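User: I would like to go through the helix packing, the sheet and the confidence of this model. Could we begin with the terms?

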Amino acid sequence: MADSANPMETDQPSTSRQNQTSASKTGHGPWIEKYRPILFTDIVGNEETVARLEVFAKQGNVPNIIIAGPPGVGKTTTILCLARALLGPSFREGVLELNASNDRGIDVVRNKIKMFAQQKVTLPKGCHKIIILDEADSMTEGAQQALRRTMEIYSSTTRFALACNSSEKIIEPIQSRCAMLRYSKLSDSQVLRKVLDVCAKENLSYTEDGIEAIVFTAQGDMRQALNNLQSTAQGLGHVSSENVFKVCDEPHPLLVKEMLQHCVKTNFDEAYKILAHLWKMGYATEDIISNIFRVCKNTPMAEYMKLEFIKEIGYTHLRIIQGTSSLLQLSGLLARLCSKSLESSLVS
Amino acid sequence: MALKGSKRKLTGWVTPSFDDFEVSSSTAQTKRRPKGSGKKSAKGGLSLWVDLYAPTKRDDLAVHKKKIEEVETWIVEAMSGIRGRQFLLLSGPSGCGKSATMRVLAREAGLNLIEWINPTSSYYVSVFEDEESKWIPEGYIMPPTQIEVFQEFFLRTCKYSSVCEPSKKNNLVLIEDFPNVFLRDPSSLHTVLRKFRNVGSGLVVFIVTDTTYRQSSVKTLFPADIQQELSMIHIQFNAIANSILLKALNRILGMKSMCEGSGPIPSREALESLIEASGGDVRSSVNALQFAVKKDVRQLSELFSGTRKSKRLSKSKPRNGSKSSTVLLQEPQGSQDDFGGLAAVGGKDTALFLFRALGKILYCKRDTEMGIMDPLPKHLKAHERMPVLENAEEVYEKMAMGASTLNTFLHQNMTPFYADIDSVSQALHYMTDADVLASEWTDRGVLEDYVASVSVRGLMHANKGSVSSGGLRTFTRPQWFSVHKQHQEQLSALKYDYRNSFLSLEELTTVLVPLKAKVDAARGKGNFTVTRDVGLFTHSFSKSTAERLGEHDAHNGLPEMDEELCLGMTKDDDEISRNALQSNEELADDNFSNDDADEDFRIDEFPDD
C-alpha cells in the first residue's frame, strides 16, 4: 500500500534528508500506534513499576491492577504489554478491552463483562483471561458497583486491569480489590529521548528548537508529542519551532514569554504590542490565555509575582470561559499584571 | 472455569436457573479449604493471594474479637429460633473482613451458605424504545424482571434446605451484590423482605460497604424504621488495626513459605509501611503484599523507603496517648526519589501518600543558601522569599488528586503552620481565590490547574518559615467529608420522617424540626434521634472531630462521631442556655440545607483549632 501511494505524496517533504525509503516506511498509520512499545523495556518512564510488572509477567499470576496517571504516560501501553507478555499468542481470545467509547453502563458490566468472564477460553497453563477497562474513572458508580463482585467471583479465571486518570473516581471497594499503581508525568528529557529516537527512525529533518517546541507543547504527554511530531513532519516536512506552533495552532511561547517579561517590568505598551499581534494572527482567546498560563508557570520570576500572575490569569480565564472572550479582557489582564509591581500609591 | 467444572456440585435449589451462582458457591467451598499444602502450591500460580490465603479458622480472621463474638451470638440465637433474629446487617469500610467473618462463622456453625449473585440478564429493553409501540407476539412470555428473579431466589432458598447436603439443615442467605433496582428504589427491597418475613425461616445476612466520602447506602437501603420493623441486627465493622493486620500478613507469609519453600521474607519494617499505606484494609494490603513480594525483597524495602524513614522517626519519639500508629510527619527532606518510589506501589488512596505531598506544601522548605534570585522592587520587599525547594505544580501533579480535594485537605491542616494572623489571612486569601476559580463547575477541568497553583503557591508564599520549630505535626482528614456525609444522611432521614409534611426543606429544617426537638426535649422524651440531631444543633461537633489521617482510627472515626455527637447533645443541652444558641443553630442549619446534594468539594467549614 505504501509503495503505490508514494508518488502521490505530494505534500511529502522535498528536503534532502528525506529519502525514498523512509517515506515508504512511514506509511499512513498514526505514529503513536506505530511506535507503541510492545516490550516492557521500551516503555518510557515509571521504570520502577514497569520493572515490577515485568517480573509478574514472567512468573504469571498478576493481581488485579489499577494504573492511575495523567494522559499519555503509557498506562494503556503498559497494560497491553502486560497482556501480551502473559498471554502470548492467545492474546486475541484472552483479552476483552473496553474503553470510554464503548457503552459501559451497568448492562455492559452485567452482560458483556460477565459473559466474557464466564467464557471458556483455552489458555496456556497458569494464564488468566484479562479484562482491560480503559478510562475506568468514566464508568458510572452503578457500573462500578456491579463490577466489584464480578471481580471476586471470577478471580480464578479472569484478571482485571483498569486505567484511569484520577483514582478518586474509582469506588473504594474496587480500589481495595486491586493493587494501585501510580504513574507520574514523563519528564521532558524522557519525552525528548523518545522524540529524537522517532526522528532518527523516520529520518526526519529537524532543528533543535523544533524538537524543543514539540517537547514544550507535549507537556509530558507522549501521545501528544508523537502526534504533533507526525503532523508537523507529514504536513510541513521540516520540524522547526515555527512549523510546530503552526501545526499545533498555538501562539509562540517565546512571544508570550516576552510579553510576560514586559509585564514584570511594567512596560504595558510593549506587552500590548505583542498581544495585539497575537490577536491579529487570529488565535482564539482561550488558546492565548492557556498558553499564557503555561508559559507563566515556566518563566522564572519572583515567587510573589508568579503567584499573583497566576491568580490574575486564572481570573481572566474564568471570565473567558464564562463567555467574555474579548480582546478587552486580555488587555485588562495585561494592565493588571503590569500594575502588580507598581507602587500602590501610583495604582490608586 | 476448567478447574471448577470437575468440582461442580449442586448446592441449592435454585442453582440451575443461573450459571453464576453455582460458580460462586463452589468457589466459596473449594477455595476456603486449603487443607493440604500440596494442593495449594499447585494452585498457587493461579489464584490471588486474597483467595488463596483466605481465612479458614476463626483465629485467622483479622477482625476484632468482639465483632466476631457479636456475629456469632447472632448466629447462635438465630439458629435456636429466637424470634426477630432473622436479619443481620453488616456494614463497614471495604476490606475489613465482613464477608470473610460471615463465611468462616457460617461454616463453623454448619450453615449452608448461599450467596445471591446478580444474574446476567439476557433480556434487554432499551430505555429509548417506546414500550407501547413495541410489538409483542401473542403468547410471548416476558422474561422475569430482576426483582422477580431475586424474590424467587430469596423465597425458595429461605424456605427449603438443600437436598444435596442434608447435614446442613439451615440455609444462610448472603446478599452482598444488591440488584441495582434496590439501590434506586429501596422500597421494593423492603416489600420483598416483609413478604419473606412471614414465610421464610432461613437466615439472611446483608453486607453493605461504607464509603468514606459518599453517603453510605446503608441508610438508603435500610433506613432506621425498616431496621426496626424487621428487627434487624446491625453490626458495624471498623477498619482493621495495624497490629492485627501485621499478624495476618505474617500468617500469610508463613503459609507461603510452608508450601513454596523458603522464599524471601520481607522485613518487619517493610511490612509495617505497607500496612500503613493500606489504611486498615486487609484485602488491599494482601494485594499489595503479593505485588510487592514478587521481586527481590530487598527492593521491597527500598520501594517503601520513603515511608520507612518517617516510620522510624515516629517510633523514636513516641507521644503520650497516641502510640506509634499515629503517623507523624517529619519535615520532608527526601528528594523526588522517595516520593516517586512511594508512588510506585500503594495500597488504596490513603493517607500516607498524601502526607508527603501535604508536608511538602505546608512545611515549604526554602533554600537558604542560594540567595534571592529575582529581586522585587523596594515597596514589595515584604513579599520577597528565598527560593522554594519544591515546585508547586510538580507536587500537585504527582498527587493524582483533584485540586478541590487537595484544597480541603490543605485547608484542614494549614493553620498550625503559620506564625501570625497576617500570614494566616494571606494564605486564606489565596485559598479563597482558588475557591472562586473552582466554583465554575462546568469548566472545572480547565481551571483545575489554576486552582492548585494558586492555593499551593499561595500557602507556600504566606509561610514565612518561622514556625519550623514545632517539628512534628499530625495531619487530619478534612471534616468536610464527614460533615457532608452526615448532612446527607440526616437530610434523607428527615425527608423520610416528614414525608407527609407540606413544608419546604428550608422551613422544615429551620422552623418545624427545631421546634419539635425543643418540645420533645422539654417533655423529657423524644428519642427520635434525627429530630434531635438536626433540631438541637450545638457546638459539640467541632470538638469531637479530629480524625487523624491514615491512622486506622481515621476510618472508624466516622461512625463513632455520630454517637459522640448525640451523647454530647444530651449532656450539654439541658445546661446551656438555648437562647444564645438559637441563632447559631438556625444559621448552621440554614447553611447546611443550602448546601445541595451535588458532589463538588467546597470548603464550607472553618476548623477552629
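Analyst: Two residues are in contact if their C-beta atoms, placed from the backbone, lie within 7 Å. Helices (H or I, at least four residues) and strands (E, at least two) are DSSP runs, numbered from the N terminus. This is a predicted model, in which local features need pLDDT of at least 70 and side-chain atom pairs count only at pLDDT 80 or more, while totals for chains, interfaces and linings use all residues. Residues are numbered from 1 along each chain as its sequence is written, and chains are lettered from A and ligands numbered from 1 in the order in which they are written.

User: Which residues of α14(A) and α16(A) meet?

Analyst: A:Pro253, A:Val256, A:Lys257 and A:Leu260 of α14(A) meet A:Asn291, A:Ile292, A:Val295 and A:Cys296 of α16(A). By class, this contact has 6 nonpolar, 1 polar and 1 charged residues (Ala, Val, Leu, Ile, Met, Phe, Trp, Tyr, Cys and Pro count as nonpolar, Asp, Glu, Lys and Arg as charged, and the others, Gly among them, as polar).

User: And at what angle do the axes of α14(A) and α16(A) cross?

Analyst: The axes of α14 (residues 253–264) and α16 (residues 285–298) of chain A cross at roughly 70 degrees and come within 9 Å. Axes are lines fitted to C-alpha atoms, for helices over the stretch in contact, and angles run from 0 to 180 degrees between N-to-C directions. That makes α14(A) roughly perpendicular to α16(A); angles under 35 degrees count as roughly parallel, over 145 as roughly antiparallel, 65 to 115 as roughly perpendicular and the rest as oblique.

User: Now chain B: how are α20(B) and α21(B) oriented, parallel or antiparallel?

Analyst: The axes of α20 (residues 403–413) and α21 (residues 421–438) of chain B cross at roughly 155 degrees and come within 11 Å. α20(B) and α21(B) are therefore roughly antiparallel to each other. On the α20(B) side the contact is made by B:Ala403, B:Ser404, B:Asn407 and B:His411, and on the α21(B) side by B:Met431, B:Ala434 and B:Ala438. The classes in this contact are 4 nonpolar, 3 polar and no charged residues.

User: Turning to the sheet, what is the strand order in chain B?

Analyst: The order is β2-β3-β4-β1-β5 in an open sheet of 5 strands with parallel pairing; two strands pair if DSSP finds at least two bridges between them. β2 (112–116) and β5 (233–236) of chain B stand at the edges with a single partner strand each, so one side of each is left without a neighbour in the sheet. The twist averages 20 degrees from one strand to the next.

User: Which helices pack on it, and which strands do they touch?

Analyst: Helix α5 (residues 65–79) of chain B touches β1 (87–93), β4 and β5 of chain B, and its direction makes about 160 degrees with that of β5(B). Helix α6 (residues 98–108) of chain B touches β1, β2, β3 and β4 of chain B, and its direction makes about 160 degrees with that of β4(B).

User: What average pLDDT does chain B have, and where is it below 50?

Analyst: Chain B averages a pLDDT of 66, and 57% of the residues score at least 70; pLDDT is the predictor's confidence in each residue, from 0 to 100. The pLDDT is below 50 over stretches including residues 1–44 and residues 296–351 of chain B. Where pLDDT is low, the predicted coordinates should not be read in detail.

User: And chain A?

Analyst: Chain A averages a pLDDT of 82, with 91% of the residues scoring at least 70. The model scores ipTM 0.71 and pTM 0.68.
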